[in-house]
Amino acid sequence: MGVKHGRDYSEILSELTEAVGRISDGYVFFEMEPEEWQGLPQESKLEVWEALAEDLFYALGNEPVIEVGSGVVIYDKETHRINILLGEEDLASVLLV
């Protein structure tokens with residue numbers, strides 16, 4: 001189903017891809033070892049982050065809090081945004097409207 005949004009999906013996906021890419025150990029979400037992740041070319045890493053962002057966009061509609069490595073991705077229905085947190089630090093927010 002995904003989350004409700006009023007902005008263009010491609011813009012949201014682009015921002016969400018960049019945001020989840022800031023989680024330095026996000027590869028753990030894919031059950032990868034650090035060596036495996038480091039061995040991937042940058043283009044492949046970007047493809048992985050985009051696939052993750054797309055999956056998160058749809059999954060957050062059913063599960064509003066998802067852990068990605070040491071980060072947490074949260075869908076805030078009230079403010080119409082997706083927040084990406086690392087501990088108590090707000091890494092990024094993606095507006096949906």
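Asn83 is buried, because its relative accessible area of 14% falls under 20%. The model described here is predicted. Asn83 has its place in strand β3. Its side chain makes a polar contact of 2.7 Å with the side chain of Ser93. Neighbours within four places in sequence aside, Asn83 is in contact with Val72, Val73, Ile74, Asp76, Ala92 and Ser93.

The strands come next. Four of them form an open sheet in the order β1-β2-β3-β4, and the pairing is antiparallel. The edge strands are β1 and β4 (89-95), each of which pairs on one side only. From one strand to the next, the twist averages 20 degrees.

Two helices pack on this sheet. Helix α1 touches β2, β3 (81-86) and β4. The direction of α1 makes about 170 degrees with that of β4. Helix α3 touches β1, β2 and β3. The direction of α3 makes about 160 degrees with that of β1.

Strands β1 and β2 (residues 71-76) pair in the antiparallel sense over four bridges. Val68 has Gly71 in β2 as its bridge partner. Ile66 stands opposite Val73 in β2. Two residues lie between the strands of this hairpin, where Gly69 takes a positive phi near 60 degrees.

In soluble globular proteins, nonpolar side chains tend to be buried together. Here, the largest nonpolar core has 26 residues. Those that touch the most other members are Leu16, Val20, Leu56, Leu60, Val73, Ile82 and Ile84. At least two residues of this core come from each of α1, α3, β1, β2, β3 and β4. Val20 shows some of the contacts in detail. Leaving aside neighbours within four places in sequence, Val20 is in contact with Trp49, Leu52, Ala53, Leu56 and Val73.

Aromatic rings were examined next. A pair of aromatic rings is described by the distance of the centres and the angle of the planes. A search of the whole structure finds seven aromatic pairs. One of them joins Tyr9 and Phe57, with ring centres 5.0 Å apart. The planes of Tyr9 and Phe57 stand at 70 degrees, which is over 60, so the pair is edge-to-face. This pair links distant parts of the chain.

Tyr9 is partly exposed, with a relative accessible area of 22%. Phe57 is buried, because its relative accessible area of 2% is under 20%. Phe57 also forms an aromatic pair with Tyr58. That pair is edge-to-face, at 5.2 Å centre to centre and 85 degrees between the planes. Tyr58 counts as partly exposed, at 38% relative accessibility. Elsewhere, ring pairs link Tyr27, Phe29, Phe30, Trp37 and Trp49 into a cluster. Trp49 of this cluster is also among the contacts of Val20.

How values were computed: Residues numbered from 1 in each chain as written. Predicted model: local features only at pLDDT ≥ 70, side-chain atom pairs only at ≥ 80, totals over all residues. Heavy atoms only, no water. Phe/Tyr/Trp six-rings, centres within 6.5 Å; stacked < 30°, edge-to-face > 60°. Buried < 20%, exposed > 50% of the residue type's maximum accessible area, 1.4 Å probe, protein only. Pairing = 2+ DSSP bridges. Axes fitted to C-alpha atoms, helices over the stretch in contact; angles between N-to-C directions. Contact = heavy atoms within 4.5 Å. Core = buried A, V, L, I, M, F, W, Y, C linked by side-chain atoms within 4.5 Å. Polar contact = N/O pair within 3.5 Å; in protein donor to acceptor, adjacent residues only side chain to side chain.
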